[in-house]
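Me: I've got a model open and I'd like to learn how to read it. Can you walk me through contacts, burial and ring pairs?

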Amino acid sequence: MDTSVQPDTESSLIEDLKKGNATAYKHAVREYSPGMLAVARFYMDQSGAEEIVQDCWVTVIGAIHKFEGRSGLKTWLHRIVANRCKNKLRATNREVSTDFSETLDPELASRFKSNGRWSLPPKLIFHESADTLMENEALSDCLDKHLSTLPETQRSALMLYEAHQHKSEDVCNILDVSASNLRVLLHRARQKIFLMVETFQETGEC
């Protein structure tokens, strides 16, 4: 039985993966699969994306010894997924539409910087009471609900940029979109999320 502890740094995780450590592999799958699925969903439907991610983990087992650390492990994994998706689309003569016209609500434009980050993020004010945790949980559930309804291109871009903290140029490379297209995707997604947060703050309803 493998009784080694889970790695606490990316470098130790990589070393353990190169050694074929089963615990490290399970940890990596648990840690990185959500982001890999977010990449795949930009290109594929849910079942196709899940299949791609599973196939990519098989590839990782055989290719991890070639990893040289020129980028982070997360970025490397996400690029593997993106390349696999693009190759599959080419093989079936399909492609992802990247025709995104910029339609950000002018009233919300000032909320974002030119790089797509919040300049004036929405602020939630919760009273310090026993209800605070319930309110936060309700907001989290509402956020999950609205994220799930976003078009996959918008949700993938938002998740990679915000939740997985990729730089904008890395997101562009992973999703194979231009900087202007990424900006539009982020603006559209954030516009919907911002309006949801504002409504929740004002009414308490999702």
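Me: Which residues does Gln-154 touch, not counting residues up to four places away in sequence?
Reply: Contact means heavy atoms within 4.5 Å. By that rule, Gln-154 touches Leu-185, Arg-188, Ala-189 and Lys-192. Keep in mind that this is a predicted model, where local features need pLDDT of at least 70, side-chain atom pairs count only at pLDDT 80 or more, and totals for chains, interfaces and linings use all residues. Residues are numbered from 1 along each chain as its sequence is written, and side-chain values use heavy atoms, with hydrogens and water left out.

Me: Where is Gln-154 found, and is Gln-154 buried or exposed?
Reply: Helices are DSSP runs of H or I, at least four residues, numbered from the N terminus. Gln-154 sits in helix α7 (residues 152-163). Buried means under 20% relative accessible area, exposed over 50%, and partly exposed in between (1.4 Å probe, protein chains only). Gln-154 has 5% relative accessibility, so it counts as buried.

Me: How many aromatic pairs does a search of the whole structure find?
Reply: Rings of Phe, Tyr and Trp (its six-membered ring) pair if their centres lie within 6.5 Å; planes under 30 degrees apart are stacked, over 60 edge-to-face, and the rest tilted. The search turns up three pairs. One of them is Tyr-25 with Trp-57, edge-to-face because the planes are at 80 degrees, with centres 5.8 Å apart.

Me: Which helices do Tyr-25 and Trp-57 lie in?
Reply: Tyr-25 is in α2 (residues 22-43) and Trp-57 in α3 (residues 46-63), so the pair ties together parts 32 residues apart in sequence. Tyr-25 is partly exposed at 28%, while Trp-57 is buried at 5%.

Technical notes:
Helix = DSSP H or I, 4+ residues; strand = E, 2+ residues; numbered from the N terminus.
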